[in-house]
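Dear colleague,

I am passing on a structure that you have not worked with before, and my notes follow directly after it. Please read them with the structure open beside you.

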Amino acid sequence: MNSELSIRIKAEALSLGFSACGIARAEAVSHDVAKGFMSWLDNGGHATMAYMENHLEKRLDPRLLVPGTRSIVSVALNYAPANRLPEGEYQIAAYALGQDYHDIVKGKLRELVQRVFGKDSSYTSSEPLFDKESIRVFSDSAPVLERYWAVKAGLGWVGRNHQLIIPRAGSMFFLGEVFLPIVLEYDSPMESKCGNCHKCIDACPTKALMMSGENKGHCTFLSSKCLSYQTIENRGDIPDDMAKAMGDTIYGCDRCQQACPWNRYAHPTNEPLLQPKEELMEMTREQWQSLSEEDYRRLFKGSAVKRAKYEGLMRNINKVK
């Protein structure tokens, strides 16, 4: 089962700065997960994010997304901030303080593939149908249930805040995947260690997280009530009751993560590309309120904040000022 290759992939991933790496067998997602996801869509849990409905068959079976895939390598990259914006100034979610994670994670995954399978590597395939061109890398860039595969690969579990939680490391991680057309040694899923804790649910100011099910053990997530959705994905006006809950935050929300006890183990990222620009750290409320589109483009060049666009960010600022 290519045990040595599996070990090498994980070692190279860690040397590239990933905090965790595991491997899962590529197959259709479990019946319960598929049923739950479909029900979430049917009930409008995704709000206006219609793209969540696209390529549904591929989202529920990665072998349809990339034909020939037999293994999924899942990685996690720490983004816990070393520095936060000054208290009293407008706040931005921790994941967006540095450069765009899509580019960072995929860049590292491409380097991982090159190191392990590139022409200068020592890898030789015993499988005649192995095609290196069929290797694909993703990071929130394709219809992939990333947290599901991270759990299957043994990285951690999905907490009640719907984030992947890695034991003694927390939940502030970007996820990424390598789809490989070879059989590897697979890791075992991890059971949830949330226990009876519901601090993330209590911390959500808009009740986007709610316990459900007969035993109240399952937590549902409603995008339309989430401040991250409202400040990033929502292209319309932010309802007044949502705006009141924003506090000082003008992009995203970290409250469910800040409340999670597992994040007391989080260590600040040392990835240079995830460190905030000095100019960003020095921004005052007055500067934010008079931010020009030109300044916005310069300040957030290569940043995930561009997802909200200039108009969306200024809408957020006007809602909290």
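What covers the buried residues of α14 includes α8 (227-233), β10 (249-251), α12 (285-289) and α13 (293-299), where helices (H or I, at least four residues) and strands (E, at least two) are DSSP runs numbered from the N terminus. The buried residues (under 20% relative accessible area, with exposed over 50% and partly exposed in between, for a 1.4 Å probe and protein chains only) are Tyr310, Gly312, Leu313, Met314, Arg315, Asn316, Ile317 and Val320. Helix α14 itself spans residues 309-320 and reaches 17 Å from its first C-alpha to its last, close to the 16 Å expected (1.5 Å times one less than its number of residues).

This is a predicted model, in which local features need pLDDT of at least 70 and side-chain atom pairs count only at pLDDT 80 or more, while totals for chains, interfaces and linings use all residues. Residues are numbered from 1 along each chain as its sequence is written, and side-chain values use heavy atoms, without hydrogens and water.

There is also an open sheet of four strands, in the order β1-β2-β7-β4 with antiparallel pairing (two strands pair if DSSP finds at least two bridges between them). Because β1 (20-25) and β4 (136-138) stand at the edges with a single partner strand each, one side of each is left without a neighbour in the sheet. Strand β4 pairs with β7 (residues 173-180) over three bridges in the antiparallel sense, and phenylalanine 138 stands opposite glutamate 177 in β7.

With kind regards

Note on methods. Contact means heavy atoms within 4.5 Å.
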